[in-house]
Amino acid sequence: MTRLHRIIEIQRILVDQLNVLETMTALDFLDFRDMLYPASGFQSYQFRLIENRMGMNPGQRLLYNKESYYAPLKQEHQDLLRKAEEEPSLLRLIERWLERTPFLDFQGFDFWKHYGLAVHDMLEGDRKTIIANQVSSQEEKDAQLREVTANEENFSVILEEEKHRELMEKGRRRLSHKSTQAALFILLYRDEPMLHLPFRLLNALMDIDELFTTWRSRHALMAQRMIGNKLGTGGSTGYNYLKATVDKYRVFGDLVNLSTFLIPRSRLPELPDHVRQSLGFRYSPGGNK
Ligand code: HEM
């Protein structure tokens, strides 16, 4: 947690420093831009290393000049990056950790069945509220009811492994179904003592993902302000390339997406005593009993 918070603080500075750079006007930048050729951000192997260690999917990378992202880098750096692609990334380690969390074993209590029922009740409540609304027209109500049905479909992804697998095959999910369920459970029951630290860890990963995305987005806007639609010194389409990486290169998007499956605390299934007890901290003066 301490290291993750250090990373978060560094990322904040990285985003903030762009403000200083932006005090330079585009015309002033043109005075020396030609001197930069052929240097560019594409030469930063450390940036690529951070991406790979975080869990960037090599298959997701955008090609520029039909060349791999290795192309502008020295052989020794290419080797480092290949090695990092093969080693387990932070994303994969987090996935494994989530998959082996012991609290998914509810000892006879079918948590996901109860959660499914709570979701069903919540959505039925939404439907009743829409139908009883005296102000909306029938057309508006039909549109709102369709929204609820779409919402129901979204929820089915967390409950049905098959649907989750389909999204994984399309590259729209990175974490396994089991680890996604574990992460959702942590977010829902974070008030239980044993889950508090795991919750803070997941939250820190979401911060890192958001700050990385913020940097990409701010950097793309800054590049657009400086060079408009000109090509980058590294040979990419410049702003359009950078803008495309903002959404495409997210690593922990699955964690952020978990908010889709959150339900209000008041509707959360109550955990049986034996489960709650195993999620609490116990102190017994005579040692563990
Ligand atoms: C006037 C300021 C800047 C402009 C106009 C600019 C522009 C660009 C452009 C157009 C690219 C795409 C590659 C290319 O074709 O050249 C790029 C990539 C990159 N730049 Fe900058 N940049 C600026 C400042 C910075 C700063 C201050 C940093 C680091 C602190 C940075 C780090 C990077 C990195 C890491 C990449 C690779 C991004 C990726 O492939 O996802 N840039 N930059």
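Which residues of α9 do E95, L98 and E99 in α5 meet? Before you click, some ground rules: this is a predicted model, where local features need pLDDT of at least 70, side-chain atom pairs count only at pLDDT 80 or more, and totals for chains, interfaces and linings use all residues. Residues are numbered from 1 along each chain as its sequence is written.

**Stop 1: α5 against α9**

Helices here are DSSP runs (H or I, at least four residues; strands would be E, at least two), numbered from the N terminus. On the α9 side, the partners of E95, L98 and E99 are K178, S179, A182 and A183. Contact means that the C-beta atoms of two residues, placed from the backbone, lie within 7 Å.

The two helices, α5 and α9, pack at about 75°, their axes 8 Å apart. That angle makes α5 roughly perpendicular to α9. Axes are lines fitted to C-alpha atoms, for helices over the stretch in contact, and angles run from 0 to 180 degrees between N-to-C directions. Under 35 degrees counts as roughly parallel, over 145 as roughly antiparallel, 65 to 115 as roughly perpendicular, and the rest as oblique.

Colour the contact of α5 with α9 by class and you get three nonpolar, one polar and three charged residues. Nonpolar covers Ala, Val, Leu, Ile, Met, Phe, Trp, Tyr, Cys and Pro; charged covers Asp, Glu, Lys and Arg; the others, Gly among them, are polar.

**Stop 2**

Now zoom in on I186: leaving aside neighbours within four places in sequence, I186 is in contact with L195, P198, F199 and L202.

**Stop 3: α3 beside α4**

Next, select 45-54 (α3) and 75-86 (α4), which pack at about 10° with axes 9 Å apart. So α3 is roughly parallel to α4. From α3, the contact uses Y45, R48, L49, N52 and R53; from α4, H77, L80, L81, A84 and E85. By class, the contact of α3 with α4 has five nonpolar, two polar and three charged residues.

Step back to the loop between α2 (26-36) and α3, where P38 sits. The peptide bond from Y37 to P38 is cis, with omega near -10°.

**Stop 4: around the ligand**

Show the ligand and its shell of 21 residues, of which S40, G41, G232, G234 and S236 come nearest. Being in the shell takes a C-beta atom, placed from the backbone, within 6 Å of the molecule. The largest share, five residues, comes from α10, and α10 and α11 (239-248) each supply at least two. What classes turn up in this shell? Ten residues are nonpolar, eleven polar and none charged.

**Stop 5**

- K230 lies in the loop between α10 and α11. With 14 other C-beta atoms within 10 Å, K230 is partly exposed.
- I130 is in helix α6 (residues 111-132) and is partly exposed, with 17 other C-beta atoms within 10 Å. Not counting residues up to four places away in sequence, I130 touches K141, Q144 and L145.
- Y249 is in the loop between α11 and α12 (253-256). Its partners, leaving aside neighbours within four places in sequence, are E51, M56, Q60 and R216.

Conventions. Buried ≥ 20, exposed ≤ 12 C-beta atoms within 10 Å, placed from the backbone.
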